[in-house]
Amino acid sequence: MTTYARPGSVDEALELLLEDGAAVLAGGTDLAGQIDRGISAPGLLVDLQDTGLGGIAPDGKGLRVGAATTLADVAEHTLLAPYAAVTTAARLAASQLLRNQGTVGGNLCQHTRCWYYRGEEWNCWLGGGDTCFAQIGDHRKHNLEEGDCISAHPSDLAPALAVCGATVVVRALHGEREIPLLDLFRRPTADNRSLVTLERGELVVAVRLPAPPDASLYLRTGERQAFSFPLVSVAAARHGTALTVAAAGVANIPRAIDPADPLAGLPGHPQSAWKRQVLETLVERALVTLRT
Amino acid sequence: MEVILEVNGERHSVVPSGRRLLAVLRDDLELLGTKLACGEGACGACAVLVDGRPVNACLLLAEAAVGHQIVTIEGLSVGRAHAVQEAFVAEDALQCGYCTPGQVVSATALLERTPAPTREQIHEAMAGNLCRCGAYPKIERAILRAAGSA
Amino acid sequence: MSRFVRTRTEMEGRYEDVWALVDESDDTESWAPDAALSLVGRPVPRQDGAARAAGRARFTVDVRLAGTLHAVVLRSPVAHGRVRSLDLDGARAVPGVRAVIGPDSELSLTTRSPLLRGEPGYAGAPVAVVAADTLEAAHAGVLALALDLEVLPHLVDVEEGLREQRFTADPTDEARGDAEVALAAAEVTVELSLETPGQLQTALEPHAAVASWEGERLTIWVSTQGMFAARDELARAFGLRKSDVRVLTEFVGGGFGAKQGAGFEALAAAELSRIAGRPVRLVNDRHGEQLDGGRRAASRQTVRLGASRDGTITAIDADAVIGMGQGGWMPPVLIPARTLYRCADVRALTFPVKTNLRAQNAFRAPGVMEGTTAFEQAIDELALALDMDPLELRRRNHTDIDQVSGSPYSSNQLLACYDRAAELAGWAARGELREPQPDGLLRGMGCASQIWWGGGGPPSHATVRLDSEGHATVMTGIQDIGTGTLTSAQIVAAEELGLPLAHVRALGGDTAPNVYGPIAGGSQTTPSVMPAVRSAAAKVRKTLLQLAGDVFEIAVGDLEVSDGRIRSRDGAIDVEVTEVTAKLGDATIDGSGSRGPNPGGFVVHTFGCQIAQVSVDAALGEVRVERVVAVHDVGRIVNPLTASSQVEGGVLQGVAFALTEELVVDPTTGIPVNAYLDDYKIPTIADTPEIVIDFPGIADENLPTTGTKGLGEPPIIPTAAAIANAFAHATGRRAVALPLTRDRVLEALA
């Protein structure tokens, strides 16, 4: 039986999160599916809605976006308008119904959509098993890297925030640390299949954005014209003459892309290699737009 | 544990027992207009308004809805919502009708925020409400019609 | 006077000789094609639209009976296995569990195949069912079953099944003339091999049933397209009289072919309810529905065509390998090859391969849609080889004679459909689409033809009752699964009765009145039921006018009724209908009508043409359908509003078949990987192209009394082929498999 708690402060939430089987409940859009498909079975749900982690506020020359801010608020908030990559990514993610529920923190920490990982009939390597069924099965939507797991990361926000120079504020009872956005992610290893670098008891409380780039954009390809996870997406930003590019859908985690050699380190697998051309095209189009 | 849910302006005492809002609405409050179709936020048949915003009731923990104003299709019968329903009937923006309550909830929320939506805005706001019968062309027309009549 | 006549009925191309009851006193004459009708042919909103829009429509999943138990199905987690152990008693010991059935349980029902199998042949196959006080308790009961399965070898690869000659039935060889000789002699030949995907019906209301017994009488709500088929199946299975089974299905949340008869859900719910002595509700969860609700079978088809230089098709040689799953009726995939164009030398080979998936079943235009998808692409390849306009090639090979039987069609407006579709689509200027486009995309336009049955036939009945307030109730055997057919019955009855629409209501969805209607499938409801409704209404009108004659002491022949008023031809009498009906008191005027047989010597079919325009982003492998023009000949249109909705729905499902929908099966385990709504991509509102619709709307004078044909299937049939042809026009390439996902498009363009 799962119990529910709605702490009134972040510290109270952090205390609760130290309990065995505790899980963070923000929008719950990913967590509900994990529970229903038997991927997660938390004993305690720690609901963040009363912890004051929502909201977007000026922060020096940049902004601070609370982890519990909904994707809909990110998409619509005027303060975020100078970060076009971020607002576009939020606007194109999921559906209006899910954007009204899903949060920034949840979008970053969501699990992969790999159909073997999500499927109730398989216990795959990423889920703690021995076999990556995608590598011996159907991996048309999977990633382009070598590895024990070839699942693709589905976050729209992560690459967009990354190219805008975002950092993630991670808090635990003993203190706070701030890391570059892409450092929130790690590739799974045999002894630790997690995709994030959060330690037990740590919580993403905010994303901080520095002064906006001179220009930024987000391009995505999905399975239909709306309401699908990105197959490949590319975010790009220009600071002066410097170009930064990141992508989703091509690796276990959101990945920085070298604008001069976008396919470096991304050989692809037999059925997923088609994504290379899509990635290359999106990067090329992004750069053309940013340079003009 | 017993909690109070505010649904369609009325306070209801319910025991969520870890269930989602959709289950409590349908099974405890017998508000049967809100439908279960996919159970994972992939179709919008269970859309309800929470503090005026449409969300998937199949994903929302009932306990997380405590303290919020919940409005279901049964609570949408006046004003703009009524105009939306009339437009859906007039334009034949429904076939089997199973997804229709969710469509009406999303359309009403859209028009509250964006009284004169463009085609693109309609698509952005409504793409989470699947209609397997394919009433989409007429849903779009019904929303435009309701917008014009408001 | 009633008598029996021997006649031939048709359902999705399966013909059956039956006795039909004919009412000899029924002198209803057909409406002339140009008859001035006041309601039929005008757009009318659905009579139950407000209930649907307000969420008041009660579907099977919404039925709430006191003391209801909730049933959960334990499904096979493997493609093929054998139950080693299953702890039924363990499940029965779970608090709240009231009934449990497994493969070896003694059941009171008998069915042709076991309800539950100890050797499940596909992932998702029901192995056991648990009914309990709550859904949670039922799930706990399923866990307590502790299913242990021995995994057996599976086969899901259709080519492998073909090599191993694993068939669900003998392959068929349907031939006329000598296609091989004709191909060898042909001046021009083309060959095309294509794969079409498995497509899931995905009705948003899953299969569901709520069963309740009172002694030996069963009342059961079933989400079904065929309530009478369900009634008969349940009566047979439980050894009951038909009149002791009542099936209710007022609102059905979509079916698309998947919900035929009682189905597993109704049989299991009734059995569990009988065991537990309480009502039982069984509703598939979405994963169960996507695994076990049904599927359009995947196919691999090869089409070889021969023609003379002038574009006359001289040879058609087609074969289809169909991934049947565990069985089912063989879908008529090669009907388009055999019937769409005039050709004397035709051969069609069909191989029904047995695989470890659920038995395929009907999905809107089963067989014919996927057959058209391949065949009409081959026709475009022939046009290319001949350097001929694809529409012109189709016109040149048009036929008014059914190529299989040699009988003429009862009506056929296909040539008019070509002309109208071409005009609406701007076909003449399609070449301009291939010039460089300002947005950098490639564009193209393609067409495809449609053929389907849809003539309906007996038996179908209706009763009309007119009350003292001048309101009429039409009782039908219609299951209005979203098609609007009840509203069509309302319109036809009001037209015939001369009453305003608001004074007429059509009912269906209940077997208790025993007013028979056909299954809502095969595009047969409108052509079957509307003549029966008209006939019943005509009798009531006749009686009403007779009574009016008595009241006003005037010859019946001098009276008429329209728009709720009775008038004499000389204008002396002009009164509300209630002037007469009020005198009925508590009596009513009743009439019953039946559908007469289709005339002999003809074959009844529907026809149409669709033209699609697509854009292609070649670098991203992205295809968008920008517009679909759909022109279908389905005889007289009763309600253009709901008719256009049917076309839009069919076109959209066809668009999705072409672009996004595909059941993906894991080759290693044989289990579908995308049997959920998040991964199985049905279209959203943003995927909707502009859909331009027209109907010739010319009544079929050879069909009884209303001249209407069915419209459920026709609009899905040519859409994917038209899109694939447009893609080929835009890119000069043809993808070897649908749907046109990015990976396939990039491969085709590489």
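Which side chains meet in the salt bridge between D73(A) and its partner in chain B, and what is the N to O distance?

1. In this model, which is predicted, the side chain of D73(A) meets that of R53(B) in a salt bridge, with 3.4 Å from N to O. Across the interface of chain B and chain A, the rule finds six salt bridges, and the count of residue pairs in polar contact, with both residues at pLDDT 80 or more, is 16.

2. The elements of chain B that give two or more residues to the side touching chain A are β4 (53-56), α3 (100-113) and α4 (119-126). The largest share comes from β4(B), which contributes four residues. By residue class, the side of chain B that touches chain A divides into 14 nonpolar, ten polar and six charged residues.

3. As for the extent of this interface, 30 residues of chain B are in contact with 27 residues of chain A, and the two chains bury about 2100 Å² between them, 50% of it on carbon and sulfur atoms. Of the area that chain B buries against chain A, 25% is supplied by R53(B), L59(B) and E124(B), more than by any other three residues.

4. The contact of chain B with chain C takes 43 residues from chain B and 52 residues from chain C. Between them these chains bury about 3700 Å², of which 60% lies on carbon and sulfur atoms.

5. Which residue of chain C meets the side chain of K138(B) in a salt bridge? The partner is E648(C), at 3.4 Å from N to O, and the count between chain B and chain C is six salt bridges. Residue pairs in polar contact between these two chains, both at pLDDT 80 or more, number 23. On the side of chain B that touches chain C, at least two residues each are supplied by α1 (21-28), α2 (79-91), α3, α4 and α5 (136-149) of chain B, and the residues of that side divide into 24 nonpolar, seven polar and twelve charged.

6. Is E648(C) buried or exposed? This residue, placed in helix α16 (residues 640-659) of chain C, counts as buried because its relative accessibility is 5%, below the 20% cut-off. Leaving aside neighbours within four places in sequence, E648(C) is in contact with G134(B), P137(B) and K138(B) from chain B, and with I691(C) and I693(C) from chain C.

7. T705(C) lies in the loop between β27 (690-694) and α17 (719-731) of chain C, and T705(C) counts as buried because its relative accessibility is 12%. Not counting residues up to four places away in sequence, T705(C) touches T28(C), E29(C), S30(C), W31(C), P531(C) and R534(C).

8. Helix α10 (residues 274-291) of chain A has 18 residues and reaches 26 Å from its first C-alpha to its last, close to the 26 Å expected at 1.5 Å a residue. Its buried residues include W274(A), V278(A), L282(A) and L290(A), and K275(A) and T281(A) are also among them. The buried residues of α10(A) pack against β9 (215-221), β10 (232-239), β11 (242-248) and β12 (255-257) of chain A, together with α18 (742-749) of chain C.

Terms used. Residues numbered from 1 in each chain as written. Chains lettered and ligands numbered in written order. Predicted model: local features only at pLDDT ≥ 70, side-chain atom pairs only at ≥ 80, totals over all residues. Heavy atoms only, no water. Contact = heavy atoms within 4.5 Å. Buried area = accessible area lost by both parts, 1.4 Å probe. Salt bridge = Lys/Arg side-chain N within 4 Å of Asp/Glu carboxyl O. Polar contact = N/O pair within 3.5 Å; in protein donor to acceptor, adjacent residues only side chain to side chain. Nonpolar A, V, L, I, M, F, W, Y, C, P; charged D, E, K, R; others polar. Expected span 1.5 Å × (residues − 1). Buried < 20%, exposed > 50% of the residue type's maximum accessible area, 1.4 Å probe, protein only.
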